[in-house]
Amino acid sequence: FVVSDSCTSAAVWLLNKFKSFGIDSVYLDTFTYFDWVINNDWRTTYNVVAVVKGKVNPDKTMVVGGHYDSVTWGIPPGPMVWAPGADDNGSGTAATLEIARQVAKDTLTATVTFVCFSGEELGLYGSYYHAYKHFSLGTDIQFMLNMDMIGYQPNSSVVELQRDLISDGYAKYMQSLASSYNLSGVLTNAGANSDHWPFMQRGWKAVFAHEYIFNNQGWHKNTDIVDSMNFDYMTKVVKLALATIASLSQSPCQDFAGDPNNDNSTTLADVIHLVNYVFNKPGGPWTFDPFCQGDVNGDGS
């Protein structure tokens, strides 16, 4: 629970875990929020951020993350005492750590910023803070992948991929990789239900990876414990997430997935926009990477 001492201890633990992977840029990003649950006052908490610089395009970044705060509602002994949160969202936090560990060993072309968000359960506070901060800074965020509840036991082979219109191409690309990990991806419409949402609100492309069979028995309850987890399934989802990030980092196609001209529709206008970009890009004519040829927006045509 974001207002508890345990949440601060978790932030410090995550900080040190990121550092143990050999990542140089790791820090607690402090922000304040209004606590309407305990005492109607302002409080301070932390996003835990780790940045692995890209070796070719360091100014382009992808954000990978999930929230680390946990809550129970209306169940004794209350969240200040016991809110285990194994699935919601120990699973997404562990996934963020593991992907960071792998990327730190083999730096990608683009920068990857790993964020363990705080304050998600009270209103997406940490992700709103990060998204709005970097929007104001002009950070070139190419893609955001959010992982929240990816390990509930009955799941075995299906992962839900929530996206909006401009993120559709990314979700379809991720879906196309799923079979390599004995998964199938089901595309659904995104809502304001997790940390992808503030990034979508700022116009960035984002996908929310989520278990297909929802953990109703554990969601915001003290029954959200590791005994209810399927770690084989979770491992497959994490591998898919890592493959997606690694693939997008290696290819400029990510700039053209879905709705390149950002007019909230996928039409002939996007093709015209793309052709104009190819032939009029500053610095002279530009040639497609072979990876980009064919079905760039992933719609099967």
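Predicted model: local features only at pLDDT ≥ 70, side-chain atom pairs only at ≥ 80, totals over all residues.
A crossing of two helices is called right-handed if the near helix is turned clockwise from the far one by less than a right angle, and left-handed if the near helix is turned anticlockwise.

The chain contains seven helices and eight strands, and of its 301 residues 50% count as buried. Among contacts between residues at least 6 apart in sequence, 80% join residues that are at least 24 apart.

Strands of a sheet pair through backbone hydrogen bonds, in either a parallel or an antiparallel sense. In this model, eight strands form an open sheet with mixed pairing, and their order is β1-β2-β4-β3-β5-β8-β6-β7. The edges of the sheet are formed by β1 (25–35) and β7 (184–189), each of which pairs on one side only. Direction ignored, neighbouring strands of the sheet are turned against each other by 25 degrees on average. One of the pairings joins strand β6, residues 158–163, to strand β8, residues 206–211, in the antiparallel sense and over four bridges; within this pairing, E160 has H210 of β8 as its bridge partner.

Two helices that pack on the sheet can be described in turn. Helix α2, which covers residues 86–105, packs on the sheet and touches β2 (41–52), β3 (57–67), β4 (110–117), β5 (140–147) and β8, and its direction makes about 150 degrees with that of β3. Helix α4, residues 168–178, also packs on the sheet, where it touches β5, β6, β7 and β8, and the direction of α4 makes about 160 degrees with that of β7.

Within strand β2 lies N47, a residue that is counted as buried because its relative accessible area is 0%, which falls under the cut-off of 20%. The side chain of N47 reaches the backbone oxygen of G126 at 2.9 Å. Leaving aside neighbours within four places in sequence, the residues in contact with N47 include Y27, L28, D29 and F31, together with V115, C116, F117 and S118, and also G126, Y129 and H130.

Two packed helices are described by the angle between their axes and by the distance between those axes. For α4 and helix α6, residues 231–250, the angle is about 120 degrees and the axes lie 10 Å apart. The crossing of α4 and α6 is right-handed, and the contact is made by Y170, Y173, M174, L177 and A178 of α4 with L240, A241, A243, T244, S247 and L248 of α6.

Helix α6 also packs with α2, and the axes of these two helices come within 10 Å and cross at roughly 50 degrees, so that α2 is likewise oblique to α6. The crossing of α2 and α6 is right-handed. On the α2 side the residues are S91, A94, A95, E98, I99, Q102 and V103, and these meet M234, V238, A241 and L242 in α6.

Apart from neighbours within four places in sequence, A241 is in contact with I99, L145, M147 and M174. The C-alpha atoms of A241 and T96 are separated by 9.4 Å, although the two residues are 145 residues apart along the chain.

Definitions and conventions: Residues numbered from 1 in each chain as written. Heavy atoms only, no water. Pairing = 2+ DSSP bridges. Axes fitted to C-alpha atoms, helices over the stretch in contact; angles between N-to-C directions. Contact = heavy atoms within 4.5 Å. Buried < 20%, exposed > 50% of the residue type's maximum accessible area, 1.4 Å probe, protein only. Polar contact = N/O pair within 3.5 Å; in protein donor to acceptor, adjacent residues only side chain to side chain. Parallel < 35°, antiparallel > 145°, perpendicular 65-115°, else oblique.
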